[in-house]
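Dear colleague,

I am passing on the structure that you asked about, and I would be glad if you kept it open while reading the notes below it.

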Amino acid sequence: MPEQLAFTIEVFMNGLMAGVLYALVALGFVLIYKASGIFNYAQGVMALFAALTLVGIMEGQVPFSHLINAILGTEVHHFGWHVPAFLAIVLTMVVMIVLAYCVQRFVFRYLVGQEPIILFMATIGLAYFLEGVGDLMWGSEIKTLDVGLPQGINVWIDEFTFEATGYGFFIDNLDIVASIVAAILVIGLVMFAQYTKQGRAMRAVADDHQAALSVGVSLNFIWILVWSLAGFVALVAGIMWGAKSGVQFSLSLIALKALPVLMLGGFTSIPGAIVGGLIIGVGEKLFEFLIGAPFLGGATENWFAYMLALVFLVFRPQGLFGEKIIERV
Amino acid sequence: MFYREAGDFSTTYAEDQQTFPIKFDRYRYYVVLFVAIFVIPFMVNDYWVNSLFLPFLIYAIAAIGLNILVGYCGQVSLGTGGFMAVGAYACYKLMTAMPDVSMFIHILLAGVITAAVGALFGLPSLRIKGFYLAVATLAAQFFLVWLFNRVPWFYNYSASGQISAPERDTFGILITGPNTEAWATYMFCLIFTVFSALVARNLTRGSVGRKWMAIRDMDIAAEIIGVNPLRAKLTAFAVSSFFIGISGALFFSIYLGAVEVGEAFGIQKSFLVLFMIIIGGLGSIFGSFAGAAFLVLLPVLLKIVGVDWLGWPTDIVAHLQLVIVGGLIIIFLIAEPHGLAQLWRVAKEKLRLWPFPH
């Protein structure tokens with residue numbers, strides 16, 4: 001097999017893996033958007049917050065230690081214990097549920113019925129707030145997250161492809177795990193939405209708030225449920241990205257990468273988020289490899305996704321799987 | 001007692017149509033202008049100008065620009081940082097290519113160039129609406145920053161990849177570079193701010209502004225009553241980018257002096273200006289000033305209180321600032337979606353009847 005083609009296929013595979021992670025973040029957006037019409041810009045910061053909290057709990061950090069030290073003049077840093085990964089994940093999930101409750105109770109309860117753009121701006125405010133709280137709680141230095149996921153090159157694929165084609169493909173174990181987890185998560189969420197009572201209530205709310213209210217669905221509960229689910233998705237995304245590149249501020253920027261994914265797939269469609277994520281992941285890696293790096297000076301990954309989405313939307317404003325936009329006066 | 005229209009008769013059409021028809025408003029405006037022109041320049045030093053007045057004046061222009069697009073025309077944009085970068089780099093190229101031309105002309109030209117770029121990126125707004133447009137403007141933000149980072153022509157092939165403003169003067173007074181005087185840079189920015197506010201105010205209350213507002217309220221209905229959406233949206237993008245470009249040019253040449261594009265004009269800048277108009281008030285020129293003043297003052301105040309009085313480390317204060325800004329945005333959206341400008345309007349309504357409200 002010619003070298004160039006083999007490289008291209010490898011880039012394609014890595015793009016698919018990156019796309020899965022984009023799709024994972026985009027899923028969190030779709031969940032909240034479908035159920036409450038809120039476009040949650042804070043999703044990326046939620047992932048960062050979840051990852052920070054997970055690391056903090058595992059390391060036994062004292063929350064707000066910097067602030068406490070500054071006010072009281074003490075020198076507290078760590079409790080001195082280490083929590084096992086599984087327990088820490090459960091505890092972090094509890095924190096995310098509490099967060100979901102607070103967000104619903106103190107912010108969006110007061111904003112029901114506002115214009116979508118006002119809600120969107122409120123989530124930008126929420127993103128800033130959460131980012132500040134996360135940094136105050138756990139400190140802003142870059143942390144490594146190790147929950148025992150396998151990392152490094154997958155030797156088996158490398159050897160297998162080397163024997164078959166004469167060129168060993170480099171694929172990270174972590175990416176494979178991430179894809180499997182994402183696939184399980186997606187299937188789980190679809191099953192939840194289709195076959196459970198709460199899932200059905202969730203879809204009812206997404207369909208029509210008033211009608212759902214009138215048959216006895218508690219809007220408040222559903223919204224807290226949806227924000228908790230989004231928190232769970234954020235936690236998973238935070239673990240994957242955190243294990244890949246460390247827990248730091250740039251983690252919250254993946255939310256911005258998820259936006260073009262959503263635009264491609266349509267804001268209201270779960271399969272759309274997956275397909276959009278894969279297209280963006282593969283597209284930006286291939287573009288960088290084939291055109292960006294050789295001809296344009298590299299780092300085209302920063303903007304390619306947005307440009308692709310922009311051009312695409314000009315021809316199909318509702319995205320690939322979105323509902324057709326009908327406007328009336 | 002002071003603020004009322006009773007007894008304030010207009011005898012000519014010009015008087016009836018002036019910007020501030022109520023006497024108290026008019027005099028207040030004159031007093032503010034008088035203080036800004038004849039009092040402040042004689043009292044300021046470098047610290048005051050660089051930490052308060054310059055950022056306030058420059059961000060006010062950017063906020064006016066974005067307010068025209070978001071507040072008046074209803075097209076949400078997250079590309080402000082990118083457009084400010086266009087203004088800055090256009091100004092830099094003009095300054096270095098034509099050293100003898102006045103800075104006034106360079107900055108205005110930088111605005112015109114940004115307007116053209118803005119109109120180009122505004123084209124998709126004809127098809128894309130709402131959130132989709134907001135995300136589409138992110139394409140402008142990231143693409144423009146990448147462009148200025150990667151194409152050496154824009155930064156004149158300098159080794160560091162930065163641009164830095166050479167010394168330029170206007171009417172013999174030095175206004176860029178390290179050896180400027182505080183009052184000169186202040187006055188230079190003030191002229192642009194007053195000019196922008198005047199132009200924006202008169203545009204928004206004229207037929208152009210009414211077309212923008214019709215598009216904002218419902219674009220299909222506006223189209224049916226005869227507003228051309230193509231022209232209305234593109235003029236909004238162009239005018240808005242013109243102001244944002246001016247503010248970017250001033251930000252680079254007068255305020256910072258040297259700029260690294262990803263740092264100075266990143267996505268954070270877009271959000272900062274957006275927050276200014278949310279807190280100040282969407283669709284209000286006064287709100288743009290109020291929001292800019294608020295978000296320029298807040299970090300300075302927090303720094304004085306947190307670092308200087310309480311002796312906390314700067315990073316904690318920086319994080320607290322995020323929490324406070326984020327919290328304030330949410331509180332404002334819940335309590336007063338129309339921002340500081342609406343508070344001012346309510347206060348004026350109360351003032352008209354004060355001290356006998358019944």
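Buried area is here the accessible area, taken with a 1.4 Å probe, that two parts lose on being put together, summed over both. On that definition, chain B and chain A bury about 4,500 Å² between them, and 81% of this area is on carbon and sulfur atoms. Please bear in mind that this is a predicted model, in which local features need pLDDT of at least 70 and side-chain atom pairs count only at pLDDT 80 or more, while totals for chains, interfaces and linings use all residues. Residues are numbered from 1 along each chain as its sequence is written, chains are lettered from A and ligands numbered from 1 in the order in which they are written, and side-chain values use heavy atoms, with hydrogens and water left out.

**The interface**

Within chain B, the residues that lose the most area to chain A are B:Phe131, B:Tyr132 and B:Trp146, which together account for 18% of what that side buries. Counted by contact (heavy atoms within 4.5 Å), the interface draws 43 residues from chain B and 55 residues from chain A.

How many salt bridges are there between chain B and chain A? With a salt bridge taken as a side-chain nitrogen of Lys or Arg within 4 Å of a carboxyl oxygen of Asp or Glu, the count between the two chains is 0. The rule for polar contacts finds 1 residue pair across the interface, with both residues at pLDDT 80 or more; that rule asks for a pair of N or O atoms within 3.5 Å, and within protein one must be able to donate a hydrogen and the other to accept it, with residues adjacent in sequence counting only if both atoms are side-chain atoms.

On the side of chain B that touches chain A, the elements that give two or more residues are α6 (130-150), α9 (219-224), α12 (267-280) and α14 (314-335) of chain B. Helices here are DSSP runs of H or I with at least four residues, strands are runs of E with at least two, and both are numbered from the N terminus. The largest share of that side comes from α14(B), with 11 residues.

**Salt bridges and cysteines**

Over all chains, a search of the whole structure finds 2 salt bridges. In one of them the side chains of B:Asp217 and B:Arg216 meet at 3.2 Å, N to O. B:Asp217 counts as exposed at 57% relative accessibility, whereas B:Arg216 counts as partly exposed at 33%; buried means under 20% relative accessible area, exposed over 50%, and partly exposed in between (1.4 Å probe, protein chains only). B:Asp219 forms a salt bridge with B:Lys233, with the closest N and O atoms 3.7 Å apart. This pair links distant parts of the chain, since B:Asp219 is in helix α9 of chain B and B:Lys233 in helix α10 (residues 229-256) of chain B, 14 residues apart. Both B:Asp219 and B:Lys233 are buried.

B:Cys91 is in no disulfide, and the nearest cysteine sulfur, that of B:Cys189, is 11 Å away. B:Cys91 is buried, with a relative accessible area of 0%, and B:Cys73 is likewise buried at 0%.

**Individual residues**

A:Tyr41 lies in the loop between α1 (3-36) and α2 (43-59) of chain A and is buried, with a relative accessible area of 11%. Not counting residues up to four places away in sequence, A:Tyr41 touches several residues, including A:Phe29, A:Phe120, A:Thr123 and, from chain B, B:Phe271. A:Thr123, in helix α5 (residues 116-138) of chain A, is buried at 0% relative accessible area.

In chain B, B:Ser196 is found in helix α7 (residues 182-204) and is buried, with a relative accessible area of 0%. Beyond four places in sequence, B:Ser196 touches B:Ile61, B:Ile64 and B:Phe243. B:Ala119, in helix α5 (residues 103-122) of chain B, counts as buried at 19% relative accessibility. B:Ala119 and B:Leu234 are 115 residues apart in sequence and 5.5 Å apart in space, C-alpha to C-alpha.

With best regards

Technical notes:
Disulfide = S-S within 2.5 Å.
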